[in-house]
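Let's walk through a structure together, one feature at a time. Keep the sequence and the 3D view open as you read.

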Amino acid sequence: MKKALVLLLSLAFVLTLTACSYKDKLYVLNWGDYMDESLIKQFEKEYRIDVKYKPVGSNEDMASLLIAQNAVYDLIFPSDYMIDKFIQDEMIQPIDFSLLTHFEALEVNPTLASLYADSGFSDYVVPYAWGTIGIMYRTDKVGLQDFVESEGWAALFESGSTYRAGMYDSSRDAVAAALLYLGYSVNSEDGDELEQAESALRDANFHAWGEDNLKGRILANTLDLALVYSGDYFSEYYAAIEDERAINFGFYVPESTNVWMDAIVIPNIAQNINSAHLFIDFFLREEVALQNYEWIGYAPPYITIYDQIYDQILSDFGGLASTFDPYPQGSLREMYVYGSNERATELAHILARVKPNQ
Amino acid sequence: MKRRKQRILMAKAMGVILTVMTFLILYVPILLILMLSLNDSARGYQWEGFTLKWYAMLFLDDIMKDPIVNTISIAILSTIISTILGTIFAIGIHALEKKRRVRMMVMNNVPVVNPDIVTGISLMIIFSILSFTLGFSTVLIAHVFFSIPYVILNIIPKLKRLDPNLYEAGLDLGCSRIEAVWRVIIPNISTGILTGALMAFTMSIDDFVITYFTSGNEYMNVSTWLYAALAREGRNSFTPVAYAYNTIIFLLTIIIIVFVNTRKERKVRTHEKSTCFTP
Amino acid sequence: MKRLRFFSIPYLAWMLIFIAVPTLILIMLAFSDYSLYYPSRFEITWVNFQIFSQSYMSKAIIYSFGLSIITTLICFVIGYPVAYYLANLPEKTRKIWLALLIVPLWANMLLRIFAWEKIFTPLSIFTDLSGLSLDLLGTNTGIVIGMVGMYLPFMIFPLFSVLERMDYSLVEAAKDLGATDLNVFFKVIFPMSLGGIVSGVIMTMLPAMTSFVLPARIGLGRINLIGNIIESKFMKEVMGSGGLSINVGSLISLMLMLFSVISFVIITRFDKEGETLI
């Protein structure tokens, strides 16, 4: 009995020891699969900093964790509208760009830069990725491709019982998709338009509500089409090639859609601010950035990197490249803004009401 | 008479059929997990041939190292702490007079009956009020918290079967109070302690909900890791190594049970002798 | 032994900190607009109760009760004969079968749910291996089967422990007095196992009713139970509500707690110290 106890205790002790290797830590709160992990390992080795990467499923989850303040987060990767809110509520701090030695050289895409400069983000963010939302679908379903390409958003909302459609279980995205389908602005605050969006979502009677697992459900043949982020499609495409699986899915971006941006920001509750800057700067090194963006599948916001990756997609996969550009010339894509707390609550209620217990 | 025999036979057949059904519904998912751990496919949509590479990766690659290390170290620590505390508390509760004992047991059973989600949220709130930083220590406290009641529930019945005069006899024969507990009471309730510890270990190693609400920026156990990975099911977030880990833990626990059960039978025979006066 | 009473005092303190205090805080949050994270105001109000006028909340309550009651009924109908059958096996084999019932609980709960998800997908690895094609994702049937698979052992254990300990000489006596088998069952065996039944029903129904991963995964997010709403209030809606969703979540948690207290009182009537709970 005693021997067993000593053995177990020492095992527990050894296990806790092996768990932490470096003294300095950096707490990163980010989306899952949103960074090439081998690069994080490389950073850990090079700077002797232990990176603790916590994945979250939505901007709202991210905000809840920050508000609760019961743990330190040094770097977070929120999207446009949540950055807007974080700045309003003074929850994030300005970035010290003098510490980012590689930032200048990379050159932010001017269209994107002006989009977020207008919202007053410039001092607070280092852009990380941008893209659109679109429809991912199975190409082995008879007639589905034509249906999606001719109907656009209506394909998602009017697939009826012919195809099984999936929708994002996030109030922002679900309502935005409905507003786009109805031809309204994704930031609409008009009560009547929101009501129409609600009934459109209800009538669509989606087969599944999910977060980033919707694409997986398409691959698993539980769904035929779903709302999916552009980069997720590319990421799946690369993964299928890696695994030597047949590619039986496509992606379509309807004419009117949104444009979104995720950026790296440092919250006020951060404690390892210097390491945070080191981490950002590491991911801005050209060769690191190139490898990282090739891995994640999302469009890089930096011209030099973007051009190289775009050219590669064009030469490797040809036609696929057309959906890679989040903001093609002449398009009028809108970015989400936070609006008010009342709107956020209303969106949450709409989502709760339209997810039916049938 | 013949009819009655027929009825008994039918009842027996029904018992067998339902038992088979029970085992099917319990074991089909587990067999599927086993097959997924042997399937040569990262996504597991189809059966793509036999492989052992996920088992190799479990030991060679550190893809799931942190969550596994966290899970096992919390399980071991919380089992040890809650078993020791639970044993002490159970002895204390058993010594109370009936009314207060029942009252204590009612309190004790609150976390057992309370839904996990309510326990998790209560703990999250109390940690927030006490401004504890969520992490390894809060998860450990939480696991000790929900394990103790099970340890106590396993020990109390054994204490009831214990002859109360045995302890007094120990004292009369010159044992100190603590010594008498250690030498007289503990050996006689050891089977209860052991099953209690086993239960505490099980609860801890498989917990999701309570860990989900009490872990912070750093700590992730296998369950919370899986929850995040399955929410995305992407390229790097989910790996069949999880199936391999699960299968190995599963086999290990079977071995532990067999081991404990055979030991228990041996121990019961040797116990009668171990008291203060025969050192 | 009385001198060992003081061993229980630290436990009392421990339980006050981790059970009584959080419960009081939950009550305070539920009945006020005090925000846990933006502490500024405190006013006693019923505003959090508005959640119950939302149709999605009442639907979630109806579904939570409905699905968990059906699950519990199925578990009972399967579990009682199985517990009875196992309890009457010879001692050696009985132990092995019981251990085999416990063993599946060691497999990770989330992975088991994920395995059910694969089983319920029409063309999956399960189809490859078994030749069966089930299409039950997003259906109530799928959720109920998943729940039965998760919680059936919790019904069987307490039933087994009362049936095993039961005094079978009473059964023999009743038979000798000429009672029919059915009469023996309903007049003797069933009443004597009531304590186990109550524990089994509660230990199956409560976790089934409050689960949130299982309905989200197997229900494809279409079927919302109380647990899903609580999770959303604590994890997703905090910012938009200015922290007040925590209060609403506390109110719903309190409601669940009240329900478990009621069940608890029922258990205590049959089994004062909760020995059938494990």
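## Reading a predicted complex

Q: How many residues does each side bring to the contact between chain B and chain C?

A: This is a predicted model. In general, the size of an interface is often given as the accessible area lost when the parts come together. Here we can count residues instead: chain B supplies 75 and chain C supplies 70. On the side of chain B that touches chain C, the largest share is 17 residues from helix α1 (residues 2-37) of chain B. That side of chain B is made up of 56 nonpolar, 16 polar and three charged residues.

Q: What angle and what distance separate the axes of helix α11 of chain B and helix α4 of chain C?

A: Two packed helices are described by the angle between their axes and the distance between the axes. For α11 (residues 222-232) of chain B and α4 (residues 109-119) of chain C, the angle is about 30 degrees and the axes lie 9 Å apart. If you want to find the spot, look for B:S223, B:L226, B:Y227 and B:L230 on α11(B), facing C:L110, C:L111 and C:F114 on α4(C). Sorted by class, this contact has six nonpolar residues, one polar and no charged ones.

Q: Now for a sheet. In what order do the three strands of the open sheet in chain A lie?

A: The order is β2-β1-β3, with parallel pairing. β2 and β3 (75-76) of chain A are at the edges with a single partner strand each, so one side of each has no neighbour in the sheet. Helix α13 (residues 273-284) of chain A packs on this sheet and touches β1, β2 and β3 of chain A, its direction making about 55 degrees with that of β1(A).

Q: How many bridges join β1(A) to β3(A), and how many does β1(A) form with β2(A)?

A: Two bridges link β1(A) to β3(A), and one pair to look for is A:V28 with A:L75 in β3(A). Between β1 (residues 24-31) of chain A and β2(A) there are eight bridges. There, A:L29 sits opposite A:K54 of β2(A).

Q: What confidence does the predictor give the complex?

A: The complex has an ipTM of 0.89 and a pTM of 0.91. For chain C, the average pLDDT is 89, and 97% of the residues score at least 70.

Notes. Residues are numbered from 1 along each chain as its sequence is written. Chains are lettered from A and ligands numbered from 1 in the order in which they are written. This is a predicted model: local features need pLDDT of at least 70, side-chain atom pairs count only at pLDDT 80 or more; totals for chains, interfaces and linings use all residues. Two residues are in contact if their C-beta atoms, placed from the backbone, lie within 7 Å. Helices (H or I, at least four residues) and strands (E, at least two) are DSSP runs, numbered from the N terminus. Ala, Val, Leu, Ile, Met, Phe, Trp, Tyr, Cys and Pro count as nonpolar, Asp, Glu, Lys and Arg as charged, and the others, Gly among them, as polar. Two strands pair if DSSP finds at least two bridges between them. pLDDT is the predictor's confidence in each residue, from 0 to 100. Axes are lines fitted to C-alpha atoms, for helices over the stretch in contact, and angles run from 0 to 180 degrees between N-to-C directions.
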